[in-house]
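Hi everyone, thanks for making the time.

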Amino acid sequence: MIRQFTLTLSILIISVISLSAQEFQEISCGAGYKYQSYVQLAAGTEKQVNNDAWDIAFTAFGFQDAGILINESSASIQGENVPQTELYYTGNSDFNASFDLNQIIKGAKLYNSKASWNDGAFNALKDTTNAFDYGWGAYNPATHSVTGTKVFVLKLRSGKYIKLMVEALNGTDYVIRYADIDGQNEKTKTFSKTKDNAGQKLIYYTFTDDKIVDILPQGGFDLFWGRYVSWATDPNGTIQQWYTVTGILTAPGVQTAVAKGVNPETVSVDPYLNSFSQKIDQIGYDWKTLVGTSWTLATDRAFFVKLPDNNVWKLAIVDFEGSATGTATLQKYFLGNPTSTHDLKGTKLSFYPNPIQNELIISLDVAQLYDYQYDVVVTDLAGRLVTSTKVNATEGWNVLKLDTSNLASGAYLVRVSNSNGTLAEKIIKY
């Protein structure tokens with residue numbers, strides 16, 4: 001049986017935009033870097049939360065991950081960092097064992113890895129040669145659970161110290177045990193990857209209010225913009241140490257390729273398609289350098305950011321206002337999905353998103369203009385015409401925006417053609 005569609009695409013709107021008119025997005029972590037900003041590229045939005053909104057976070061990617069992170073963000077007042085969360089290992093596996101707090105905090109602080117969200121500060125001591133070692137605990141193949149093996153000391157922003165042990169990860173449930181240093185006010189808390197994550201890949205918790213907190217924007221985030229700790233050279237360029245920096249980290253599942261010594265406006269993603277990395281600080285902080293009291297930006301650097309749906313954005317950071325506002329400006333280009341890009345003599349096409357909701361974007365990279373006029377035809381899978389129109393393109397990047405808000409749910413074919421050939425893409429409307 002052929003499904004009948006009620007189509008109202010006679011009002012389909014198609015606009016053609018040259019990507020040489022760049023799109024800009026401001027991102028801000030506030031004056032004195034007092035916020036964390038979680039950025040969405042496609043929507044051009046960000047969600048700001050206070051640096052002290054959470055203390056620790058648990059990964060909720062699937063059944064195999066067991067990452068536990070601390071909140072490393074801290075504001076800066078007159079160049080000095082305000083107190084931040086600190087983590088230390090006691091050297092004990094017995095939660096009730098005594099220890100000398102003064103000696104413990106003289107030891108090395110533990111920090112989140114910048115290679116992966118799977119490796120938070122609680123995972124920092126893991127034996128990388130042992131696949132069963134998660135740092136805070138060890139995996140038991142017989143029970144399919146991770147059992148805690150280490151007791152930690154966590155310093156909260158208030159200056160209070162607590163002792164903490166991650167007792168287990170049983171399937172999808174993290175179990176933590178914590179108390180005052182003297183053992184008073186002991187509590188046990190459970191966090192479910194499936195019930196407490198609100199559809200996100202991270203679960204955030206604050207000890208101050210003893211609750212799970214809603215940190216991330218709906219639908220997740222692409223970039224984190226704010227303060228974190230990295231092994232870095234200090235702003236004067238003299239000492240390498242663990243240092244609180246202001247920079248960009250990419251979200252779980254996002255990959256990045258870095259192009260240096262290039263013109264950010266003209267560099268193509270093609271030479272970098274095999275260079276994408278899941279390392280989360282590929283953009284990082286070192287695209288800026290402090291010279292005296294002002295920041296100088298690297299103007300020969302571009303970042304290709306591949307989202308989990310394989311669509312790619314090209315970014316250049318064109319402005320940074322420092323601690324006065326905590327604001328940076330991204331120059332961004334939507335490149336579509338290079339892995340599904342199609343060739344039409346002199347033209348490359350990509351489609352985003354797919355499935356669609358209210359809008360379909362067709363990206364045209366016209367390397368050589370053989371024929372400036374393109375026909376865009378939308379049909380259902382039975383070949384029945386939904387709409388058609390003609391658009392005029394120019395050499396370089398062009399974007400066709402199709403308003404699909406009145407399109408009924410179903411599958412369609414979008415054909416783009418000129419005198420040099422035709423290409424088609426199947427799209428799905430929810």
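**Rings, a cavity and a few side chains**

Let's start with a charge and a ring: Lys288 has its charged end over the ring of Phe320, 5.5 Å from the ring's centre. And before I go on, please keep in mind that this is a predicted model. There is another case like that one, where Lys332 lies over the face of Trp313, with 5.0 Å to the ring centre.

Okay, on to rings with rings. How many aromatic pairs does the count come to? It comes to 20 aromatic pairs. Let me pick out Trp117 and Phe221, which form an edge-to-face pair, 6.1 Å centre to centre and with 85 degrees between the planes. Where do these two sit? Trp117 is in the loop between α1 (101–104) and β10 (137–140), and Phe221 is in the loop between β17 (211–213) and β18, so this pair ties together parts that are 104 residues apart in sequence. Trp117 and Phe221 are both buried.

Now look at Tyr205 and Phe207. Why is this pair edge-to-face? The ring centres of Tyr205 and Phe207 are 5.0 Å apart and the planes are at 85 degrees, so edge-to-face is what we call the pair; the cut-off there is over 60 degrees. Tyr205 counts as buried because its relative accessibility is 1%. Phe207 has a relative accessible area of 10%, so Phe207 is buried too.

Next up, empty space. Rolling a probe the size of a water molecule over the atoms shows where such space is left. In this structure there are two cavities of 30 Å³ or more. The largest cavity holds about 200 Å³ of space. What lines it? The lining of the largest cavity has 20 residues, and the ones nearest its centre are Trp54, Ile70, Asn112, Trp117 and Leu249. Which of them gives the largest share? That would be β18, with three residues. Sorted by class, the lining of the largest cavity comes out as twelve nonpolar, five polar and three charged residues.

Let me finish with a few single residues. Asn71 is in the loop between β6 and β7 (76–77). Is Asn71 buried or exposed? Buried, because its relative accessibility is 0%. A polar atom of the Asn71 side chain lies 3.1 Å from the backbone nitrogen of Ser73.

Then there is Gln331, which is in strand β25 (residues 327–336). Gln331 has 6% relative accessibility, so it counts as buried. Its side chain is joined to the side chain of Tyr333 by a polar contact of 2.5 Å.

And my last stop is Ser268, in the loop between β20 (255–260) and β21 (288–291). Here the relative accessibility is 34%, so Ser268 counts as partly exposed. How far is Ser268 from Gln218? In sequence they are 50 residues apart, and in space 31 Å, going C-alpha to C-alpha.

Definitions and conventions: Residues are numbered from 1 along each chain as its sequence is written. This is a predicted model: local features need pLDDT of at least 70, side-chain atom pairs count only at pLDDT 80 or more; totals for chains, interfaces and linings use all residues. Side-chain values use heavy atoms; hydrogens and water are left out. Helices (H or I, at least four residues) and strands (E, at least two) are DSSP runs, numbered from the N terminus. Buried means under 20% relative accessible area, exposed over 50%, partly exposed in between (1.4 Å probe, protein chains only). A polar contact is a pair of N or O atoms within 3.5 Å; within protein, one must be able to donate a hydrogen and the other to accept it, and residues adjacent in sequence count only if both atoms are side-chain atoms. On a 1 Å grid over the protein atoms alone, a cavity is a set of points where a 1.4 Å probe fits but cannot get out, and a pocket is an open set with protein on both sides within 12 Å along at least five of seven lines; lining residues have an atom within 4 Å of a point. Grid points are joined across faces, edges and corners, and a volume is the space filled by probe spheres set on the points. Ala, Val, Leu, Ile, Met, Phe, Trp, Tyr, Cys and Pro count as nonpolar, Asp, Glu, Lys and Arg as charged, and the others, Gly among them, as polar. Rings of Phe, Tyr and Trp (its six-membered ring) pair if their centres lie within 6.5 Å; planes under 30 degrees apart count as stacked, over 60 as edge-to-face and the rest as tilted. A charge sits over a ring if NZ of Lys or CZ of Arg is within 6 Å of the ring centre and within 35 degrees of the ring normal.
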